[in-house]
Amino acid sequence: MSAIRSLSVVIAENPPPRLDKALARDVPEEEGLSRSRLAKLIAEGGVARAGEVLDNPRTKVAEGDVLELTFTEAQDVETRPEDIPLDVVFEDDALIVINKPVGMVVHPAPGSPGGTLVNALLHHCGDSLSGIGGEKRPGIVHRIDKDTSGLLVVAKSDKAHVGLAAQFEKHTVERHYRAAVYGAPDAGDPRLRGLRGVSFDGSNILKITTQLARHKHDRQKQAVLFQGGRHAVTRARIEEAFGTPPVASLVDCWLETGRTHQIRVHMAYAGFGLIGDQTYGGKRKVSEKALSPDALNAIRNFPRQALHAATLGFIHPITKEKMSFEAPLPDDMSQLISTLRH
């Protein structure tokens, strides 16, 4: 039976005018209560103030209000092996490197209990998995978004897990992503020269240095900050530009840090949102004179963020050998780039 939990939330200063938005902002992130779950909680009468049930999401709240939330603990998702094909780039007794396809979630969650990379790895690895954390499961040390394709390394033993996690924590893992973006970063652009946190290294390499944290009003998004949050550095270099003048480009992005949605947030902040990114990139009006009709349609209709984890490099946690892997662009991005060229 699910346990009943109570949680007190104190509304901070300058709250949004509505109960639902105030809760979305002020419920601690570690509680794992999404906006949709909070909305359901309000509708079910699970939110009260001074003993009065607040079941209208538009109820006004004020700074200092103490809201009592009562809800059932989310049940753990039972992770089962599933026979899902995997593109295995490398595997030994300690770890496995996967080229993850678009649409695959890395880890099971209430919204995605099956069909994930972890489900597939449990089936693929079988008895070769060691007891990570007291149970047989793959050791996830980093993730990429559901609609981002590309390379992931996963530990198969406790020792490998610890060794890989340490490298990610120290930011010594080499990770390059290829992204199709609106516009083309140019060191001569005065707009970029005046944008806080943006600079250029030699050879026209765009550098974006900010803090990142959850968006105040949308907990599913990340936002650029300059106080608080977590330090994040992204670099990007144009591989190929499209249109005259350039209205889109293929860029090589690499991470000095690895934060949630980092490339997507940083490139959008600098004015180069990813093509197809419904969360950060948006749809832009592109001059019909700059590209062919086919290229314009390809941009408008690309169904996901055009982002691919192309390169992954690390020190093998057991053998200490330097490992480096590359994965070519998936078919949809290859087709997009080909169309933009013509």
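User: What order do the strands of the open sheet of 4 strands have, and how are they paired?

Analyst: In this predicted model, the open sheet has the strand order β1-β4-β2-β3, and the pairing is antiparallel. The edge strands are β1 and β3, since each of them pairs on one side only.

User: How many bridges join β4 to β1, and how many join β4 to β2?

Analyst: Strand β1, which covers residues 4-10, pairs with β4 in the antiparallel sense over 7 bridges, while β2 and β4, also running antiparallel, are joined by 3 bridges. L69 of β4 takes part on both sides, being the bridge partner of L7 and also the bridge partner of V47.

User: Which helix lies across β2 and β4, and at what angle to β4?

Analyst: That is helix α2, made of residues 35-43, which lies across β2 and β4 and runs at about 100° to β4.

User: Changing topic, where does UniProt place the "active site" feature?

Analyst: The UniProt record, an unreviewed entry, places the feature "active site" at D145. In the model, D145 sits in the loop between β9 (139-140) and β10 (149-155).

User: Is D145 buried, exposed or partly exposed, and what does it touch?

Analyst: D145 has a relative accessible area of 24%, so it counts as partly exposed. Not counting residues up to four places away in sequence, D145 touches K100, H261, R264 and Q305.

User: R264 belongs to α6, then; why is that helix described as largely enclosed?

Analyst: Helix α6 is largely enclosed by the rest of the structure because 6 of its 8 residues are buried. Those buried residues are Q262, I263, R264, V265, H266 and M267, and they pack against β11 (174-182), β13 (205-214), β14 (222-225), β15, β16 and β17.

User: What follows α6?

Analyst: α6 is followed by G271, whose phi is positive, near 100°. Further along, G273 lies in the loop between α6 (262-269) and α7 (293-301).

User: Is G273 buried or exposed, and which residues is it in contact with?

Analyst: G273 counts as buried, because its relative accessibility is 0%. Leaving aside neighbours within four places in sequence, G273 is in contact with V181, Y182, M267, A268, G281 and R284. The C-alpha atoms of G273 and Q262 are separated by 12 Å, and these two residues are 11 residues apart along the chain.

User: Which residues have the most contacts inside the largest nonpolar core?

Analyst: The largest nonpolar core has 34 residues, and those with the most contacts inside it are L117, Y177, L206, C253, I263 and M267. Helix α3, residues 117-125, gives the largest share of this core, namely 5 residues. Apart from it lies another core, of 21 residues, among them I275, V286, I299 and M333.

User: What does C253 touch?

Analyst: Not counting residues up to four places away in sequence, C253 touches R175, H176, Y177, A179, R235, A236, I263 and M267.

User: Last topic, the backbone: which peptide bond is cis, and which residues other than glycine have a positive phi?

Analyst: As background, most residues other than glycine have a negative phi, and most peptide bonds are trans. Here, a cis peptide bond joins T244 and P245, with omega about -5°, and P245 is found in the loop between β15 (230-242) and β16 (248-255). Residues other than glycine with a positive phi include A50, where phi is near 55°, and K320, where phi is about 70°.

User: Where are A50 and K320, and are they buried or exposed?

Analyst: A50 is in the loop between β2 (47-49) and β3 (52-53), and it counts as exposed because its relative accessibility is 84%. K320 is found in the loop between β17 (307-315) and β18 (322-326), and K320 is exposed too, with a relative accessible area of 58%.

Technical notes:
Residues numbered from 1 in each chain as written. Predicted model: local features only at pLDDT ≥ 70, side-chain atom pairs only at ≥ 80, totals over all residues. Heavy atoms only, no water. Helix = DSSP H or I, 4+ residues; strand = E, 2+ residues; numbered from the N terminus. Buried < 20%, exposed > 50% of the residue type's maximum accessible area, 1.4 Å probe, protein only. Contact = heavy atoms within 4.5 Å. Pairing = 2+ DSSP bridges. UniProt positions renumbered as here; feature names shortened; annotations may be inferred. Axes fitted to C-alpha atoms, helices over the stretch in contact; angles between N-to-C directions. Core = buried A, V, L, I, M, F, W, Y, C linked by side-chain atoms within 4.5 Å.
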